[in-house]
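Here is a short report for a first look.

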Amino acid sequence: MKNNIKDNINNLEYLEVLYSADRKGFEKEFFKIYPDISDNKIADFWKTRLEYGKTKGVSINTSRKEILFLIASCVVTILLIQSPKIISLNSFGYQFNDKYAGAIVLFGLSLFAVLRKGTFNPKQILISLSIFAVSAIYINLLPSFTGSDSVTLAYVHFPLMLWCLYGVIFIDFDIKDRLKRIDYIKYNGDLAVLGAIILIAGALLTGITIEMFSSIELSIEQFYSEYIIVWGLVSVPIVATYIILNFPNVTSKIAPIIANIFSPLVLITLIVFVIGIIMTGKDPYSDREFLLIFNVMLLGVAAIVVFSISGTSINRRQRFNEFTLFALTAVALIVDLVALSAIIYRLGEFGFSPNRVAVLGSNLLIFGNLLLVMIDLYKVNFKNKQIKQVELTIANYLPVYAIWTVFVVFVLPWIFWLR
């Protein structure tokens with residue numbers, strides 16, 4: 001239904017047939033895709049038509065139900081993050097949050113996704129809980145001693161692996177539907193931007209609150225940092241998700257707008273950065289810290305490219321944005337090649353280590369993804385192909401990242417015998 005509506009948005013007769021055949025299904029799927037087609041006049045007409053005559057009572061009931069799910073998910077997440085204090089694990093020096101904070105937040109998000117669906121699939125729930133439980137037990141069994149790079153990498157990739165699982169839950173286990181994968185990418189862009197806005201607002205509120213109580217000589221800093229701030233931090237992604245899913249007309253445009261604004265700036269910055277490397281003679285082959293910064297920058301550029309592409313209109317060509325993304329991807333590939341050559345050089349010079357293998361693998365993944373995206377963007381700019389193909393390429397590549405995170409968490413530590 002979703003694909004039929006999107007592909008035939010300008011075919012009034014066909015849309016009417018779809019609507020007559022399944023009014024509820026049509027309405028549900030239409031509002032899911034409306035943010036992507038909101039600049040189409042026919043889409044605006046259908047939105048007005050479908051919203052006309054809706055009673056306030058229905059909206060209130062739906063809102064109350066989802067708010068209860070929101071509160072329940074936040075409470076469960078808060079209890080899990082505070083469990084070391086509840087059962088006094090901190091007295092044993094147990095680094096609970098270092099291992100599990102990301103996993104707990106993703107569990108809370110997964111719980112909210114399951115609750116708001118309204119229908120429960122026992123098989124899907126069993127699979128999800130089993131993966132969360134088994135991976136958490138495995139991470140707990142890994143030695144906590146310092147100096148083990150492979151174990152540290154497993155800790156870092158653990159939440160990334162569960163982020164992939166959350167994606168499967170988010171799209172209702174329909175892993176073959178590439179459009180749903182694209183929806184998940186777009187959701188993550190919206191989540192990053194809206195979450196940042198909420199965090200900024202929360203930081204301002206925290207500063208004002210602490211100053212207010214300080215003015216009456218009451219010190220609440222320790223209590224506020226140990227409880228209120230922690231509760232707020234783990235609840236922000238769930239609250240932001242609630243807002244994104246219930247107010248798509250407002251939130252769905254934020255990330256693409258910001259990405260489209262920043263993509264030309266990032267392109268200019270990246271070009272100047274490459275020129276600066278040449279002029280200063282900075283050597284990523286021998287400078288480990290510089291190589292690390294190099295890779296972090298590359299990850300940021302890849303994220304900008306992905307979110308910019310996912311927000312590009314399917315109904316109106318945006319030539320400037322499309323060419324900017326093509327140029328940005330091309331420059332990012334050049335930077336990635338330099339990084340890859342530096343990593344390979346260090347492997348030959350110093351041998352294999354967990355960090356070098358992890359950096360090499362992640363760079364190869366990014367290089368492959370950016371190369372495919374650049375080829376598609378070339379076709380978009382010079383062969384008059386649709387931008388949608390680029391989104392589908394990105395969606396097809398997501399399982400590769402999932403496989404990589406599983407490898408780093410469950411295989412890499414044992415290849416290097418936990419060192």
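## Basis

Helices are DSSP runs of H or I with at least four residues, numbered from the N terminus. The model is predicted: local features need pLDDT of at least 70, side-chain atom pairs count only at pLDDT 80 or more, and totals for chains, interfaces and linings use all residues. Residues are numbered from 1 along each chain as its sequence is written, and side-chain values use heavy atoms, with hydrogens and water left out.

## A residue in H17

Thr405 sits in helix H17 (residues 388–410). A polar atom of its side chain lies 2.7 Å from the backbone oxygen of Ala402. Beyond four places in sequence, Thr405 is in contact (heavy atoms within 4.5 Å) with His157, Leu160, Met161 and Cys164.

## The nonpolar cores

A nonpolar core joins buried Ala, Val, Leu, Ile, Met, Phe, Trp, Tyr and Cys residues through side-chain atoms within 4.5 Å. The largest has 41 residues. Leu109, Ile139 and Phe158 are among the members that touch the most others. Helices giving two or more residues include H5 (56–81), H7 (96–117) and H8 (122–141). H7 gives the largest share, 11 residues.

Leaving aside neighbours within four places, Ile139 is in contact with Lys99, Tyr100, Ala154, Tyr155, Phe158 and Val409. Another core, of 37 residues, lies apart from the largest one. Its members include Ile185 and Leu328.

## An end point in a loop

Ile87 is found in the loop between helix H6 (83–86) and H7. Ile87 counts as exposed (over 50%), because its relative accessibility is 55%.

How values were computed. Buried means under 20% relative accessible area, exposed over 50%, partly exposed in between (1.4 Å probe, protein chains only). A polar contact is a pair of N or O atoms within 3.5 Å; within protein, one must be able to donate a hydrogen and the other to accept it, and residues adjacent in sequence count only if both atoms are side-chain atoms.
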